[in-house]
Amino acid sequence: MRKSASILMLAILLLAGNAQAADTGREIMLKVDAVDNSRDAVMSSVMVIERGDAKLIRRMEHMTKNYGDALKDERTLIRFVEPADVRGTAYLTWSYDDPEREDDMWMFLPAESLVRRISGGGKKGAFMRSDLANEDIEDRAIDDDIHTLKGSAEQHGADCYVIESVPRPELKRDTNYSKRVQYIRKDIYLPCRVEYYDKRGKLLKIGTHGGFKRIDGIWTITKSIIETPRRKTRTLYQRSEITYNQGLDDGLFLQSNLKR
Amino acid sequence: MRSLAGRCLPILLLLWLLNAVAAHAQTQAPPSKPLPGDPLASELRNIPSGYSLQGNNFFAGKKQAPPPAQVQGDPFTTAPGKDPFAAQSLLAPKPGEKKAGNAPAELFSLHGYVESRDRLRIKDQEAISLRQRLWLESEAVLYPAEEPGGNHRLRLFASGALDSDPAASGLSDDVPLWDFYAEEVFLTIDTDGVDLILGRKLLRIGTGDGINPLDLINPLDHRDPLATGRADSRLPVLLGLGILPLPTFGNLQEASIEAVMIPFPQVNQLNAPGSPWEGRGLKLLRQTAAQGRLILDDQEKPSQSLQNAEFAARLAGTLYGWDLALIGYYGHLKSPVFSRSLSASAQGEDKLRITPIHPSFAAVGFNFAKGLERSTIRGELSLKPDLPVMLQGMTSLPGYVRRSVWEGVVGWDRTFGTNLYVNLQYFCTALGDAGEVDGLVMDSIEHGLSYEINDLFWDDALKSGMRGISSLSGEGFTCELYAEYDLTDNILLAASLMLLGGPESGQYGQFDDNDSITIRVRYSF
């Protein structure tokens with residue numbers, strides 16, 4: 001009887017292990033993607049870009065609303081508050097989960113009172129001279145990368161999945177990275193560390209994420225540091241005044257709303 | 001019991017093997033098509049806020065006690081006193097700063113810059129502009145938004161400047177030594193239906209890139225007609241603008257109609273004698289008039305009455321990712337035509353009288369823009385029926401005829417590599433029935449290119465490039481080599497070399513003497 005019970009216990013353990021192993025890299029990333037299940041979000045953000053003794057400040061206001069049956073399409077409005085010479089400049093993006101469909105993007109230049117259609121050609125460039133690239137702040141579809149679970153590791157005392165994300169071959173020319181290694185916390189399915197590797201496979205920069213807060217029922221990263229060791233620069237990125245599901249009006253995400 | 005265990009063991013081993021195979025098959029290529037309806041994602045998206053994401057409890061459907069608002073192992077909270085964010089006073093909100101979300105909105109803000117912009121003409125090494133400027137702009141919320149993140153219902157924007165330009169004011173009378181003026185001043189009324197803007201404003205209804213046949217609202221700034229090598233500089237006008245969003249359906253993603261009324265028309269001011277931007281033709285007329293061979297009247301601007309009001313309308317939409325707009329305009333020519341008549345002199349002889357006037361005209365057209373993978377294409381086509389076109393010589397009266405004029409532009413821009421930006425545009429003007437009249441100042445077809453190429457250097461602090469317009473039909477060219485360096489967030493250093501050339505009678509060639517070097521230092525606050 002004791003032997004039989006032991007076998008059954010072993011079976012339960014094996015099956016439990018099987019349930020864990022069923023999470024592939026892609027499935028884990030789907031869970032990461034699903035953490036923010038909000039319909040819309042409003043927030044303020046501040047960047048401090050440290051370059052030696054110099055510090056550059058960027059302040060922005062973000063609004064996001066998700067669309068589509070699965071809330072996978074996204075419209076985002078970013079308005080710059082600081083630095084002073086770009087105050088009022090706004091970017092409106094309609095991004096689609098369908099990788100075959102081009103994002104729609106517009107920029108508003110207040111000094112010229114001009115709304116201008118732009119393209120995603122500058123994805124590899126730095127975002128406002130920070131350690132973030134434009135591609136880092138865009139909504140990246142899960143299937144833009146091939147995700148491989150490389151194992152588990154502890155980060156800052158938290159148990160994490162280690163996921164290697166390699167761009168799909170047809171998208172490699174649009175990115176700075178040959179791969180990203182992401183440490184995904186097992187408890188809240190948010191990344192706490194992301195390593196970015198350049199096209200030669202060398203470590204380019206490291207993102208550390210934290211300030212995890214549960215806001216309106218949604219676990220949220222409120223603080224990030226992105227470091228570029230080669231350049232000895234880093235960017236502190238803080239998000240605040242975050243609210244979800246406020247029922248943002250669709251009209252906020254229209255070109256005709258891009259005005260002073 | 002032994003028998004039961006013996007029967008279970010092979011099944012368990014089989015399960016373990018299947019488990020091992022699954023464990024090794026962790027790499028999973030994405031499907032060829034997106035999975036918007038992925039059941040896993042859908043299930044996770046439907047997690048109510050009271051459910052935990054940990055482990056597989058969600059799939060068991062058991063409601064958990066609400067998890068804590070913070071977690072263990074946060075890199076920025078595990079080492080008290082070592083949080084780099086806590087040490088950054090710059091991250092703290094500024095007093096009175098506008099807040100997102102539910103925080104109270106900023107009700108008033110004041111910003112601006114001080115700038116020294118100095119322009120040296122290469123030909124004679126004379127300063128043609130030493131403009132020192134204090135620019136202020138302010139936004140005031142008179143009735144805040146009722147919902148988080150929403151537009152404020154009633155807001156006022158005002159900008160203005162105090163300029164001093166001893167060099168330009170010394171050359172001509174059309175630039176005062178000291179000039180304190182309001183630039184844009186307008187009220188925005190944001191309602192659930194129509195949005196209204198009332199006041200002095202710049203309003204671009206064309207594609208806003210290089211040559212713009214349908215940018216007809218704002219007149220040129222006579223002090224600085226060329227803002228850059230491929231862009232002009234405009235002045236705001238008093239207008240009323242209504243924007244009405246229209247219902248969308250199918251693949252029509254956005255639609256709106258805009259109606260504009262400019263009650264008191266504004267036109268380009270002719271440059272005074274001595275100004276570096278006094279055109280060659282105007283200079284000759286003034287010289288001839290000074291010799292008494294003709295009478296040159298003052299510029300006859302449209303009278304400031306509602307009878308001369310200008311109107312524009314724009315029906316715009318985004319369809320399948322294409323921005324499309326139909327535009328109509330009725331107003332006055334911004335650049336004058338020189339009307340000719342005969343005037344009896346005291347000696348009883350007829351003397352040629354020339355009057356710069358701004359006849360009315362209408363324009364219709366459409367424009368489009370589309371973002372491609374890494375490029376953007378833009379285009380605009382306009383028809384200006386019965387547009388006044390000047391005649392050469394001095395004998396024909398009234399000196400101009402009306403002809404239909406087609407103008408079209410098509411442009412493309414793209415970012416190569418990381419930051420190398422290239423913009424090319426082809427433009428063409430075609431005169432209808434040109435062959436019926438001899439001596440038109442315009443060719444039946446005029447065309448050319450505008451271009452810009454720039455890149456970023458030194459950690460993106462330096463932007464450098466070249467931009468200009470080049471006529472392919474004898475109007476000349478502009479070419480500007482420029483560099484802009486962000487010394488800090490607030491201090492910009494810029495330098496440029498502007499070259500103009502071509503035939504003396506050409507639109508750009510007439511300013512051949514104005515090749516110049518410009519140095520600009522700006523502090524923004």
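Author: A residue is buried if 20 or more other C-beta atoms lie within 10 Å of its own, exposed if 12 or fewer, and partly exposed in between, with C-beta atoms placed from the backbone. By that rule, 27% of the 525 residues of chain B are buried. This is a predicted model, in which local features need pLDDT of at least 70 and side-chain atom pairs count only at pLDDT 80 or more, while totals for chains, interfaces and linings use all residues. Residues are numbered from 1 along each chain as its sequence is written, and chains are lettered from A and ligands numbered from 1 in the order in which they are written.

Reader: How many helices and strands does chain B have?

Author: Helices (H or I, at least four residues) and strands (E, at least two) are DSSP runs, numbered from the N terminus. Chain B has five helices and 23 strands.

Reader: How many residues of helix H2 of chain A are buried?

Author: In H2(A), residues 25–35, nine of the eleven are buried. Among them are Ile28(A), Met29(A), Leu30(A) and Val32(A), and also Arg26(A), Lys31(A) and Asp33(A).

Reader: Which residues does the cis peptide bond join?

Author: Glu82(A) and Pro83(A), with omega about 10°. Pro83(A) sits in the loop between strands S3 (73–82) and S4 (90–95) of chain A.

Reader: Where is His156(A), and what is its phi?

Author: His156(A) is in the loop between strands S7 (145–155) and S8 (158–167) of chain A. Its phi is positive, about 55°, although His156(A) is not a glycine. His156(A) is partly exposed, because 19 other C-beta atoms lie within 10 Å.

Reader: Which strand holds Asp386(B)?

Author: Strand S16 of chain B, residues 375–390. Asp386(B), a residue other than glycine, has a positive phi near 60°.
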